[in-house]
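Here are a few questions to work through with the model open beside you. Take each one in turn and check it against the coordinates.

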Amino acid sequence: MEKEFITGRGAQGNVDNVFSKITYSQEHIEGVDDWEVESPNTKFTIVHPKTIVNKVSSPDVGMEYSANPYQGCEHGCIYCYARNSHQYWGFSAGLDFETKILVKSNSAKLFKEFITKKNWTGTPINFSGNTDCYQPLERKFKLTQAMLKIALEYGQPIGIITKNSLVLRDLEILKQLAQKNLVTVYISINSLTKETRAKLEPRTATAAQRLKVIETLSNNGIPVGIMCAPIIPGLTDHEIPNVLKAAATAGARWAGYTVVRLNGEIGKIFEEWLHKAYPDRANKIWHSIQSCHQGKVNDSQFGNRMRGSGQLAEMIRDSFRLHCKLNKLNVEHFQFNLSHFNKNKSNQLNLFM
């Protein structure tokens with residue numbers, strides 16, 4: 001007997017950690033042994049890494065440096081590429097990724113040390129290059145907020161990608177950064193359908209909330225865009241026109257997209273989820289994803305891996321470009337102002353100090 005869909009979570013179980021000798025096994029579904037509860041509770045662990053800013057070597061992700069104050073993400077997005085990185089910490093890319101969060105408590109200290117290094121010149125740093133910097137635990141630990149204050153103090157340019165309305169908590173800091181062209185915020189929306197979002201991204205803000213976030217940021221002079229990502233052929237690709245129109249109406253000025261790719265253990269996790277979440281459409285969606293990656297669900301080739309290839313990928317690209325044009329998105333290019341960066345003499349922040 002197959003277990004029922006675990007509501008409120010993305011992954012439907014744990015997969016083996018490719019770096020560990022420990023394996024997950026359930027011999028008897030009907031057994032009474034403690035296994036995985038229906039709604040696993042989130043747990044966090046305080047860690048003290050040696051670095052917080054990472055050089056991004058991939059040439060097709062649109063950023064040079066990233067900073068991630070949390071490892072693992074309670075949002076539970078089933079497609080998240082960061083799931084694989086959780087294995088380096090000894091956890092599974094499945095339920096562990098969204099229920100066992102590592103909190104890098106010394107993030108602010110490490111961030112300040114990095115941007116005040118002798119050879120650092122203020123190159124933009126992206127928050128959420130791996131996991132969402134505004135996931136639920138940020139409400140408690142305020143690590144992202146602390147790093148934003150430091151960025152404002154030293155004039156360090158920052159890019160933010162999030163799907164959580166918690167970003168509005170830091171509206172005043174973002175406004176001050178925006179006044180100096182030191183910040184951009186991209187809100188991730190790939191579906192306006194409530195049911196799809198609830199299954200695909202179970203612990204995130206609703207699409208309606210995210211659109212309100214875009215509107216609020218825009219009304220306060222903060223440069224805001226939308227990441228229509230990842231587009232899942234056979235599931236969300238038909239929503240591209242409505243998503244872009246809604247985002248532009250709310251005040252988004254730029255848009256980007258990626259086509260889903262299921263690298264590493266994510267393929268196993270996604271396939272299990274797919275057959276439980278959409279049993280009547282699972283095969284069609286799976287084959288649609290394969291058609292964008294030369295018969296596979298993952299393409300590691302730079303340039304192709306993010307956008308896919310083949311007829312369906314071209315249709316997605318053409319639809320995205322057309323509706324960006326119709327909604328006047330990506331008309332102008334945003335330019336960070338690096339002249340404000342000053343690592344030797346910090347500004348006085350009376351509002352926050």
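**Cysteines and a parallel sheet**

Q: Is cysteine 77 buried or exposed in this predicted model?
A: The cut-off for buried is under 20% relative accessible area. Cysteine 77 has a relative accessible area of 7%, so this residue counts as buried.

Q: How many disulfides does the model contain?
A: A disulfide needs two cysteine sulfur atoms within 2.5 Å. For cysteine 77, the nearest cysteine sulfur belongs to cysteine 73 and is 6.3 Å away. For cysteine 324, the nearest one is that of cysteine 228, 8.5 Å away. The count of disulfides is zero.

Q: What is the relative accessible area of cysteine 324, and is the residue buried or exposed?
A: Cysteine 324 is in no disulfide. Its relative accessible area is 4%, and with the cut-off at under 20% cysteine 324 is therefore buried.

Q: How many of the five residues of strand S7 are buried?
A: Strand S7 covers residues 158-162 and is mostly covered. The number of buried residues is four.

Q: Which residue in S7 stands opposite asparagine 126?
A: Strand S6, residues 125-127, pairs with S7 in the parallel sense over three bridges. Opposite asparagine 126 stands glycine 159.

Note on methods
Residues are numbered from 1 along each chain as its sequence is written. This is a predicted model: local features need pLDDT of at least 70, side-chain atom pairs count only at pLDDT 80 or more; totals for chains, interfaces and linings use all residues. Side-chain values use heavy atoms; hydrogens and water are left out. Buried means under 20% relative accessible area, exposed over 50%, partly exposed in between (1.4 Å probe, protein chains only). Helices (H or I, at least four residues) and strands (E, at least two) are DSSP runs, numbered from the N terminus. Two strands pair if DSSP finds at least two bridges between them.
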